[in-house]
Number of protein chains: 2
Amino acid sequence: MENEKKVTFDDIAKYTNFSKTTISRYFNNPDSLTVKNQDIIAQALVDLNYHENKLARVLANGKSEFVGIIVPNLYLHYYAEMLNQILNTYEQFGYKFLIFASNGNSETERAYIQELLAYKIEGMILLSHTIPSEELASYQIPIVTIEREDRYVNSVNTDNYMGAVQATSLLFKNSCDVLVHINSTVQKDVPAYGRIQGFQDTCLENRIPHELIIRDLGHSHQEIHECMLEIYEYLKKTYPNQKKGLFLANDTHANHMLHIIFRDCGTLPDEYRIIGFDDSPIAEQSIIPITTIGQQIGKIAYEAMELLVTQMNERKKRRPKPQTELIHKSITPILVRRETTD
Amino acid sequence: MENEKKVTFDDIAKYTNFSKTTISRYFNNPDSLTVKNQDIIAQALVDLNYHENKLARVLANGKSEFVGIIVPNLYLHYYAEMLNQILNTYEQFGYKFLIFASNGNSETERAYIQELLAYKIEGMILLSHTIPSEELASYQIPIVTIEREDRYVNSVNTDNYMGAVQATSLLFKNSCDVLVHINSTVQKDVPAYGRIQGFQDTCLENRIPHELIIRDLGHSHQEIHECMLEIYEYLKKTYPNQKKGLFLANDTHANHMLHIIFRDCGTLPDEYRIIGFDDSPIAEQSIIPITTIGQQIGKIAYEAMELLVTQMNERKKRRPKPQTELIHKSITPILVRRETTD
């Protein structure tokens, strides 16, 4: 590589008998040339063994085609799959992704954003939730957030409220005597709060006996297991001989609860019905496939990029119009019926 | 942003009374200036509200600080966690990552590599296995592969053979009458083949009765489940009243097998002992936590980056030494004892 002679626009111009301006136009605005001339130059690039340097183009026209992404981690399947689907939008939009995992540290996250800006990203997608959206908005570049507090920025979120309505209605139709929603403390300005609100509203509207169990459910496997064990013992004692419909905040929690019941009873008895949230692989791979509210991750990723691309394109116009109103897109979740409900 | 006046080297030179050459040296070779002069320029950048453009520096000195990564997908936890750990090396090495998911398509992968090269990546880490290593080597840039055929490129892999020896020895010590390894067809030049070889050698050396079940185990949840069900029925019939030690190729398969046995027996009877591979979350989250061979993913990611950085640094020297011998690093796996073995 080191000894390879660098092919310049001059070389291409001489080889094709075009002017350097024409060569430059080929790279920055190819449609301003005839198809025939485009073909001549394309062939010359092959003949001369020209290696495109897109970074040079970036400096020439300011379009890096980079989008920065910050995820909290890739340990949780939800973030990994979202990133997967965002990467797949390359086929539609052509943007390349510079990615950081912030591990929930806001100072690290700020440093990463500075680094992304130094590399002239055209826009940013955030899944992490450590930096307030007001601060994000102050960076003055196109931003779309996914499933986090989004008061001052554009966002795409699952319709969590609708998901909770779907789950609660199904448990109700399964003739449960009492419905229970188990969740951790969720801030009201976070989209996932809709899961609590949707459960509560549906129960109240239909006068369904219900209980909301909101508490710190732990983070490690062991902590979650112990919390779920306690809650199981409590439910057994509090609602004996009643059919209990359990709506859990996510599939990991639902899987823990199912395993506890299954180990206690040798099966999932009629007395319990269970629904999780997310449709992560664990729901399908549990000892009994778990009914769940599936987020349309592919659709969320696509809509987020489309929203971002619209803003990035606006900025490339000679007189970009400032965005007058924030856009918050809401994607309907899908009920995935498996074997833990009728 | 659009209306913000761009601060040029000229502006900084005028403001500090240094020459433009000095300003340029500050960005490309700061140590060639005195600390005092570095401070004066640094302050000027703040005063003038100068935004660093690292892309411009790249063009000036050829160091993009980009590393390209190609993963097959992020759906499988193994790839997601490996990417997570590679991203975390930013703290040590400062390299930024441009990432593509190739979804196992070699033509897509070739297009992605061209795109990465056009963005002047300094090196590349590959986890996908569609392109032969001989072709990868022809790209003439530093490459490290992880857990794939690596005859012509540097690589970091788990010591799969050692992992199989650990698993087989533990099942043997658990007084199993017969050991069974269940795997799909694996090419001999892929590191994971060591799992088969290690099992077979350990059984033969210790004269342990054993069987190797190698067949297409399917890809979807349903396909895998049906294969495992068939194998379970076969084992029950073939080895009645014998203690069977099952070593499965990965935790997903081990989880399926455990669930089938548990649903049949209401527990994991003494007649079965099970070990998986990978230490993925499913092993811990199964109805009984599964003993497994854990890959040291953090260590693999770090070693891969270190190996890549060494090569990338060599290339920046005035007279880089060509690599005379390929390096293949082998990382010892760790036996994670849980409840499916004694």
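Good morning, colleagues. Please bear in mind throughout that the model is predicted.

I begin with chain A. Its secondary structure comprises 14 helices and 12 strands. The C-alpha trace of chain A spans about 90 × 40 × 35 Å along its principal axes. The radius of gyration of chain A is 26 Å, whereas a compact globule of 342 residues would have one near 20 Å. Of the 342 residues in chain A, 43% are buried. Among contacts in chain A with a separation of 6 or more, 69% join residues 24 or more positions apart.

I turn now to the interface. Here, 43 residues of chain A are in contact with 43 residues of chain B. On the chain A side, the elements giving two or more residues include the helices α4 (54-61), α7 (106-118) and α12 (251-265), together with β2 (96-101). The largest share on that side comes from α5(A), with 7 residues. By class, the chain A side divides into 22 nonpolar, 12 polar and 9 charged residues.

Finally, I consider two helices of chain B. How do α1(B) and α3(B) cross, left-handed or right-handed? Their crossing is right-handed. The axes of α1 (residues 9-16) and α3 (residues 35-47) of chain B come within 10 Å and cross at roughly 120°; the two helices are therefore oblique to each other. Ile12(B), Tyr15(B) and Thr16(B) of α1(B) meet Ile40(B), Ile41(B), Ala44(B) and Leu45(B) of α3(B). This contact has 6 nonpolar residues, 1 polar residue and no charged residues.

Thank you for your attention.

Technical notes: Residues numbered from 1 in each chain as written. Chains lettered and ligands numbered in written order. Predicted model: local features only at pLDDT ≥ 70, side-chain atom pairs only at ≥ 80, totals over all residues. Helix = DSSP H or I, 4+ residues; strand = E, 2+ residues; numbered from the N terminus. Rg over C-alpha atoms; globule rule 2.2 N^0.38 Å. Buried ≥ 20, exposed ≤ 12 C-beta atoms within 10 Å, placed from the backbone. Contact = placed C-beta atoms within 7 Å. Nonpolar A, V, L, I, M, F, W, Y, C, P; charged D, E, K, R; others polar. Axes fitted to C-alpha atoms, helices over the stretch in contact; angles between N-to-C directions. Parallel < 35°, antiparallel > 145°, perpendicular 65-115°, else oblique. Left-handed = near helix turned anticlockwise from the far one by under 90°.
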